Every structure is written in C-alpha cells, then in structure tokens.
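Good morning, and thank you for joining.

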Amino acid sequence: MRARSVRNFSYPIDPLNNLVCGCDEAGRGPLMGNVVAGCVVLRANDRIEGLDDSKRLSEKRRDELAAEIKKRALCYGIGQCTPEEIDRLNILNASMLAMKRAYEAMGRECDLMLVDGNRIPGGLKLLCQAVVGGDALVPEISAASILAKTERDRQMYELDKKYPEYGFARHKGYPTVAHLEALQSLPVLPCYRRSYGPVRKILISRGLATD
C-alpha cells in the first residue's frame, strides 16, 4: 500500500501499516514558563481537516483543532520541562527532553517518530527522523504543534490570573517591549528562566546574580 504523502513529504515507512507519531514543541523563545511538547499518532482513516503549523492558525482555530485532535487521534501525549530544567540543561536539551516525555506520555510504542526541525530527542527506542518545516508538511507534526501551543497558552492564562500585572495573557512570556518594561519594576517570579539574557541582566542589576 502506498505511503501517504502531504505537500510533497514522503514517509520513510508506510504510515498505513506502521504507527507513526509526530512531535513538536512550543515555548523556546519566551522568557518564562515551561517548554511544552506534543506527540500525536493520527488514525490513518480519519483525516482531520485544517491541520497546519500552529503559528499560522488563529488562536480560536488552534483551540478548535486541539479539541478535534484529542477526540479523534489514536493517541497523544504532552511533555514539558520547567524553567529550572531549562536553566540547568539549556533550552535545546530541555526541548528534546520534553519531546521524549511527550512520547512516553502516550503509553504507546511507535515505529517512527517524525520531529519538527533538524534535531531528534535521544534515548528513544524507535526510528526518528527530523523534518525541517515539518509542522507545515506532516499532519502528525502539525497536530503535535497545535497541542503543544494550546497547552502552553493555557498555562499562560492561568499564570495571568495569578499575576495579572505581568501581562502573560497578552505576550505569552515573549520578550515584547511591554513585557520588558514591566519587568523593570516587578519581581522576577520563579516561573522565569533565569539563564535567559534579559532576565539575567535584571537579576544582576538587583544583586541577585553574578556575571
């Protein structure tokens, strides 16, 4: 049986006769919060329309698709790493660990993992392939991208309720001008990544860290 192809992507093994999962993360760039990864196995006979790179979708559409994915996927998992882990491991290694955790959270052994980007997580006993731009090419990765993004955004809204003065619901932790200005007069919360340049600079200026 011929392998499914989407936007000129050819699967290295037949996804109709093998379990193929897609994996992606959200939250590498923000100054705070967890880095969150999603891992998804879609049903070969149940195509979910509208899957795409989560960044190219509106928030409303992401939320709609996330609900569809959770309802109709064969299985899915969410994994994450905390700010403390990011500071200790660095964001790349923490992102890879979050992906590994997302795969393990599915509780299902797969034959192939397709990962967005140019690196793959280590320590997994299955075939892995990195796909540059995979979140726009491969439905499984698109689905994982959407789950990761919506889960991280959910966490930002929860933090915003607790700390409304930081504006987390608006900037989602990214280093916007408004976010950086607010940080000049607000405490650096435990949810911040202390190793990130703008945060570290503030900590040093307050005598809470050294060069």
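**Surface, fold and a buried strand**

The accessible surface of the protein chain amounts to about 10400 Å², and carbon and sulfur atoms hold 50% of it (Shrake-Rupley method, 1.4 Å probe). Please note that this is a predicted model, in which local features need pLDDT of at least 70 and side-chain atom pairs count only at pLDDT 80 or more, while totals for chains, interfaces and linings use all residues. Residues are numbered from 1 along each chain as its sequence is written, and side-chain values use heavy atoms, without hydrogens and water.

The chain contains eight helices and seven strands; these are DSSP runs numbered from the N terminus, helices being H or I of at least four residues and strands E of at least two. Of the 211 residues, 49% are buried, meaning under 20% relative accessible area with a 1.4 Å probe, protein chains only.

Let me turn to strand 4. Seven of the seven residues in strand 4, residues 35-41, are buried, so the rest of the structure largely encloses this strand. In a regular strand, side chains alternate between the two faces of the sheet. Here Val35, Ala37, Cys39 and Val41 point one way, Val36, Gly38 and Val40 the other, and all are buried.

What does strand 4 pair with over seven bridges? The partner is strand 5, residues 75-81, in the antiparallel sense; pairing requires at least two DSSP bridges between two strands. Within this pair, Gly38 stands opposite Ile78. Strand 3, residues 20-26, also runs antiparallel to strand 4, joined by five bridges, and there Ala26 has Val36 as its bridge partner.

Definitions and conventions. Buried means under 20% relative accessible area, exposed over 50%, partly exposed in between (1.4 Å probe, protein chains only).
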